[in-house]
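Hi,

Here is the model I promised to pass on.

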Amino acid sequence: MRRCRWAALALGLLRLCLAQANFAPHFFDNGVGSTNGNMALFSLPEDTPVGSHVYTLNGTDPEGDPISYHISFDPSARSVFSVDPTFGNITLVEELDREREDEIEAIISISDGLNLVAEKVVILVTDANDEAPRFIQEPYVALVPEDIPAGSIIFKVHAVDRDTGSGGSVTYFLQNLHSPFAVDRHSGVLRLQAGATLDYERSRTHYITVVAKDGGGRLHGADVVFSATTTVTVNVEDVQDMAPVFVGTPYYGYVYEDTLPGSEVLKVVAMDGDRGKPNRILYSLVNGSDGAFEINETSGAISITQSPAQLQREVYELHVQVTEMSPTGSPAAQATVPVTIRIVDLNNHPPTFYGESGPQNRFELSMNEHPPQGEILQGLKITVNDSDQGANAKFNLQLVGPRGIFRVVPQTVLNEAQVTIIVENSAAIDFEKSKVLTFKAVDPDTGPWGEVKYSIYGTGADLFLIHPSTGLIYTQPWASLDAEATARYNFYVKAEDMEGKYSVAEVFITLLDVNDHPPQFGKSVQKKTMVLGTPVKIEAIDEDAEEPNNLVDYSITHAEPANVFDINSHTGEIWLKNSIRSLDALHNITPGRDCLWSLEVQAKDRGSPSFSTTALLKIDITDAETLSRSPMAAFLIQTKDNPMKAVGVLAGTMATVVAITVLISTATFWRNKKSNKVLPVRRVLRKRPSPAPRTIRIEWLKSKSTKAATKFMLKEKPPNENCNNNSPESSLLPRAPALPPPPSVAPSTGAAQWTVPTVSGSLTPQPTQPPPKPKTMGSPVQSTLISELKQKFEKKSVHNKAYF
């Protein structure tokens with residue numbers, strides 16, 4: 001019995017303790033893949049939009065008390081999530097980036113008001129395909145010898161993608177499918193394709209555009225693929241694989257009879273076909289000179305070694321050989337060119353007459369008078385010969401003497417001919433009239449008659465000379481010909497003989513352009529403003545006259561970092577790479593988060609040899625949103641590169657406003673003039689304020705005597721018809737009159753009386769007869785009042801007149 005009491009007591013105490021205890025709440029652990037509970041093994045994709053409901057904390061309290069939820073982060077970390085304390089809904093409040101932070105640590109807690117239970121959880125950030133491939137270790141420049149075998153490795157590019165899985169795998173492609181190069185899609189190794197060759201003389205630089213693509217993946221619920229591009233510059237190195245090349249072919253030279261031995265006839269020019277590393281070249285004569293000519297082995301100048309009179313041929317065909325000398329001094333490649341040298345006759349040999357025994361200048365013949373018409377004179381054996389060559393050996397024959405008696409045949413001779421004389425007028429051969437007839441056989445093209453002098457004239461002849469006897473045209477010793485300034489000259493050549501007969505021909509000389517001008521930028525340092533999505537352009541001018549010497553190719557030679565810009569090699573347009581689509585992307589790859597970039601741009605012509613020049617380009621990058629915020633800011637940014645443009649626009653705006661103002665003023669003036677509203681400047685006379693009326697005591701007026709009252713009487717004058725106040729009286733200030741007495745009824749005498757004018761009335765003209773003498777004291781006062789009212793009325797008329 002006693003034990004039962006103790007057991008009951010212990011049970012009661014236990015129940016009392018349990019009733020007073022409060023157990024702590026706890027989270028539910030719902031395992032992997034659950035979206036509610038204690039966030040155990042919870043993961044979240046990095047492309048989850050901010051504001052999304054991502055999880056629900058869930059727990060309970062043993063006593064069933066209300067519970068609240070909380071989440072906190074390390075003070076040095078970002079607060080990525082927020083929680084609804086009542087319902088436990090967790091919301092994403094910060095963007096996720098797996099590449100920057102792949103795990104998020106947080107402390108979640110549950111409380112029933114008395115007890116707080118906290119747990120540390122780790123949320124995994126899973127990958128989304130949000131990163132583009134990026135080429136590293138740019139710029140890519142390779143130097144490759146032109147004789148590299150097909151299939152050889154040229155270069156290797158490398159791009160990385162920070163994504164995982166297929167989104168992080170990179171494959172390579174070439175943008176130009178017709179390129180002589182190929183790329184391994186997995187390794188990025190560039191090779192020269194099978195069957196392809198490089199040629200320094202044909203193309204010294206190749207630009208290869210390589211595209212890197214990732215394997216694709218999901219981003220915001222869609223399948224996306226990112227790519228990046230880079231340019232590999234392949235500079236071709238010259239090797240000795242080309243023979244020498246002669247310049248200015250074909251070669252022709254002329255030797256004249258007055259040319260002295262040792263004189264230079266012409267010069268041949270050759271250069272190594274391998275322009276990158278040219279060898280020294282030597283000239284030599286192979287054959288065809290017969291000892292009459294020699295050549296300078298270093299300059300290529302061909303000279304004559306003999307007197308022209310000793311030369312046996314009219315034309316010499318020489319063969320000149322040029323030989324490259326290797327760096328070791330041994331002969332290398334060779335080339336041969338023909339050279340034609342013509343011996344020019346100066347037409348300095350007159351025709352010579354020959355008889356049976358040799359040269360003869362007198363021929364005699366006896367004949368009967370009146371021979372038959374057309375008879376050939378027998379016994380004359382005359383031969384004529386000209387030892388000149390070519391056209392200079394052509395001459396004409398004629399008889400100088402009595403006309404119409406004999407005729408000479410032939411009249412035109414080339415080199416040599418037999419001369420025949422024929423009778424033309426038999427009657428003129430009369431013994432009685434003349435026993436002796438004397439004639440000369442004369443060549444009008446010999447002696448002074450055959451000399452021709454050449455001269456040039458015209459606007460284009462200042463830079464040239466002509467040999468007066470040979471007709472050879474030279475440049476003036478001081479002349480400097482420039483195909484860029486003037487590519488074509490024309491002038492006139494005049495050939496004149498001693499008799500003054502002449503002929504004129506027009507000569508055209510065309511200069512062949514050589515590459516002697518490098519491309520030139522307008523400024524060595526240029527500033528441009530680029531709007532995202534819009535390219536900027538840089539331009540260089542090559543002043544050479546012809547293609548390809550004046551064709552320019554552009555390239556970016558230096559940039560840091562170098563994976564921001566691309567350039568069009570033909571137009572010079574520069575734009576951002578496709579992977580850069582916002583200013584934030586630029587900030588991420590700029591150490592100072594700046595948008596001002598400096599590029600070194602090269603302009604290179606296509607001439608041979610080629611020339612190039614560089615310029616520093618500074619690009620300030622903005623976006624369309626910034627431009628749209630303020631029209632004035634947009635205008636200033638757009639005209640930042642050209643301040644004069646801004647000044648010009650402002651000046652144009654001001655000029656437009658001034659012009660519109662002038663037009664409006666002119667139109668207003670003519671409209672008013674047409675409607676007679678243009679009036680002279682008027683002066684407005686303002687009326688003085690009226691003085692306060694003075695109070696005159698009647699008693700004071702009654703106390704005065706009649707004599708004193710007569711002081712106020714004025715002599716009346718005829719009224720001023722012009723209503724002006726120019727009279728002397730009008731200038732006197734009126735004295736203050738007394739109030740007028742009540743008007744009395746005037747007797748009807750028929751005489752006109754003065755009346756007091758009303759406000760709108762006028763003074764009654766003065767009567768012709770004198771007014772009656774005043775009988776009462778009020779008459780002088782009344783007269784004075786009338787005079788003052790008259791003066792005021794006249795003044796009022798003048799003031800009113802000033803306003804019309």
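Below is what turned up around one histidine and among the aromatic rings.

Some housekeeping: this is a predicted model, with local features needing pLDDT of at least 70, side-chain atom pairs counting only at pLDDT 80 or more, and totals for chains, interfaces and linings using all residues. Numbering runs from 1 along each chain as its sequence is written, and side-chain values use heavy atoms, with hydrogens and water left out.

His-517 sits in the loop between strand 44 (502-510) and strand 45 (520-521); strands are DSSP runs of E, at least two residues, numbered from the N terminus. Its relative accessibility is 18%, so it counts as buried (under 20% relative accessible area, 1.4 Å probe, protein chains only). The His-517 side chain makes polar contacts with those of Asp-516, at 2.8 Å, and Asp-544, at 3.3 Å (N or O atoms within 3.5 Å, one able to donate a hydrogen and the other to accept it; for residues adjacent in sequence, both must be side-chain atoms). Beyond four places in sequence, residues in contact with His-517 include Asp-482, Glu-484, Asp-605 and Phe-611 (heavy atoms within 4.5 Å).

On to the rings: there are 12 aromatic pairs (Phe, Tyr or Trp six-membered ring centres within 6.5 Å; planes under 30 degrees apart are stacked, over 60 edge-to-face, the rest tilted). Phe-464 and Phe-491 have centres 5.3 Å apart and planes at 35°, so this pair is tilted. Since Phe-464 belongs to strand 41 (residues 464-466) and Phe-491 to strand 43 (residues 488-497), the pair ties together parts 27 residues apart in sequence. Phe-464 is buried at 4%, as is Phe-491 at 1%.

Cheers

Definitions and conventions: Helices (H or I, at least four residues) and strands (E, at least two) are DSSP runs, numbered from the N terminus. Buried means under 20% relative accessible area, exposed over 50%, partly exposed in between (1.4 Å probe, protein chains only).
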